[in-house]
Amino acid sequence: MALPASSMNIAAPLPARSQRPHVTIQGLCKRFDGNTIYDDFNLELRRGEFISIFGPNGCGKSTLLNLIAGLLPRDGGSVLFDGATIDEIKFGYVFQNYRDALFPWLSARDNIAYPLRFMGLSKIQRKEKVDAVIERFAIRIDLNKYPYQMSGGQQQLVSILRALVVEPEILFLDEPFSALDYEMTLFMRDQMQRMFEQTRTTTLIVSHDLEEAVYLADCVLLLTRAPTQVADFTVVDVARPRSFKTLGDPEFVRVKTHCLEVFTREVRK
Amino acid sequence: MKRLTIFGTRYLRFAGLPIFLIIWQLVVWLKIVDPVLLPGPGPTFVALWHGLTTGGPLAHDFGRTVSRVLQAILIAIVIGVPVGVLLGVSEKIYQSIEFIVDFFRSTPTSALFPLFLLIFGVGDQAKVYISAFAAGLVIVFNTAYGVMNARKTRVLAARVMGARPFDRMVVILLESLPQNFIGLRSGVSLALVIMISAEMLIGSTDGLGLRVFEEQQRFDMPAMYAGIFTAGALGYGFNLILHLVEKRFVHWAGK
């Protein structure tokens, strides 16, 4: 758990574009039953950026996320975080299916505290960390409830808090809002954005909704069909905090249109 | 309106009881069934009361059956749960003995009475062990299913958060608890069924099975029905206790 000094300051402002990469992916290979999904895939991600992954069906969006997060074994290549492997850093992961990812036998509060069990902290320290994260993000839901007593959005919020409580160096989210209704999705996007602005934790999100992908991101990673390569790595230069008004912002519309063009081109290939 | 609903659901399940008693009494009055075979509710409850309170044999038999069933369940849990976990964790072990376990589970346990009688004699042991055997198989299977079907995402989530193998095992076990309780409930029911039959058939000196059988032999119908009702109450009581324990400790089951 040795962390480079730079990662300790998680509320640092957005670093300059020239800074050395946070995540370095080199020569990544992955095959499923003889189908090559990734072959010599290379990518660099900067620290403190929010990156959305978007692409055609079956191109391996979630696979890429899981390869980077170490949930899936690689068939080749390397993924390094400032020189360290995934096992050497603290990271958070939010699953699409919050129902299966939260522990129903623990209250929401104890769910959030769960990852702290493995960090060698005292009971008091763990409580302080949970209190801190709840206060920091101004959470106003009753965390003494059990997950099954909460709405889907609340459950996913608990999942995200559970991922953030360890003060991760990087946060992974796999289609976190796709099981929620539209109203809750809009609410959760803004929660997500608020949390990101506060922590500036490098964040990777897989999204199946282009508007969401662009709305949340500093950069949208557009993928080709398998064997997957980077189709485009579009910068979203739209000021934060973003709101529903952003959806009409000319730059936002331009980026979204551009992403849609790239996507359409890739789908037709 | 809400009060009425609560009132309705809480007491509705007892509504059948007076209807049952009235029909029973009517059948006796109208002599639809030979009165020698079917005494009225009155004499039956008098027999029940006497058997349970005034040092009658029923209370003693009730206690003996409860004690034997509890022993059987204890043995079934102590052996069945670890074996079930082992089978659930290792797919290879499970597949290699699935057929055997399935075969013995499908074998009517009563067919094994003579065998157990031969090995353990007519004492308590044979009855307790055969009951434990029947309940144990059900518990083994359900525990194994529970462990095998532990949601992969949850175990993965634990792993991602840094859970060591031991902690992941805890997650799997907690995850299997609802299924475990299903096994426990059917195991307990089965243990009682086997115990009552064993008490009737394999040379018992006491127990509810023997009580019902003896009263029938003596043609003391009210006492026989009293024995049957006591056995019924016992089964219901076991179920109720398990239900309450489950609600308390496995509050997330089915949610």
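## A pair of facing residues in chain A

Let's start with Val23(A), which stands opposite Phe81(A) in S4(A). The model you are looking at is a predicted one. Val23(A) lies in strand S1 of chain A, which covers residues 23–32. S1(A) and S4(A) pair in the antiparallel sense, and five bridges link them.

## The sheet around them

Step back and you will find an open sheet of three strands in chain A, ordered S2-S1-S4, with antiparallel pairing. Strand S2 (35–45) and strand S4 (76–81) of chain A each have a single partner strand and stand at the edges, so one side of each has no neighbour in the sheet. On average, neighbouring strands here are turned by 20° against each other, direction ignored.

The sheet also has a helix packed on it: H2 of chain A, residues 61–69, touches S1, S2 and S4 of that chain. The direction of H2 makes about 120° with that of S1(A).

## Two helices in chain B

Now over to chain B, where helix H10 (residues 208–217) and helix H11 (residues 221–249) have axes that come within 8 Å. These axes cross at roughly 160°, and because angles over 145 degrees count as roughly antiparallel, H10(B) and H11(B) are roughly antiparallel to each other. Their crossing is left-handed.

Which residues of H10(B) meet H11(B)? They are Leu208(B), Val212(B), Glu215(B) and Gln216(B). Their counterparts in H11(B) include Met221(B), Met224(B), Ile228(B) and Leu234(B). The residues of this contact between H10(B) and H11(B) divide into eight nonpolar, three polar and one charged.

Terms used:
Residues are numbered from 1 along each chain as its sequence is written. Chains are lettered from A and ligands numbered from 1 in the order in which they are written. This is a predicted model: local features need pLDDT of at least 70, side-chain atom pairs count only at pLDDT 80 or more; totals for chains, interfaces and linings use all residues. Side-chain values use heavy atoms; hydrogens and water are left out. Axes are lines fitted to C-alpha atoms, for helices over the stretch in contact, and angles run from 0 to 180 degrees between N-to-C directions. Helices (H or I, at least four residues) and strands (E, at least two) are DSSP runs, numbered from the N terminus. Angles under 35 degrees count as roughly parallel, over 145 as roughly antiparallel, 65 to 115 as roughly perpendicular and the rest as oblique. A crossing is left-handed if the near helix is turned anticlockwise from the far one by less than a right angle, and right-handed if clockwise. Contact means heavy atoms within 4.5 Å. Ala, Val, Leu, Ile, Met, Phe, Trp, Tyr, Cys and Pro count as nonpolar, Asp, Glu, Lys and Arg as charged, and the others, Gly among them, as polar. Two strands pair if DSSP finds at least two bridges between them.
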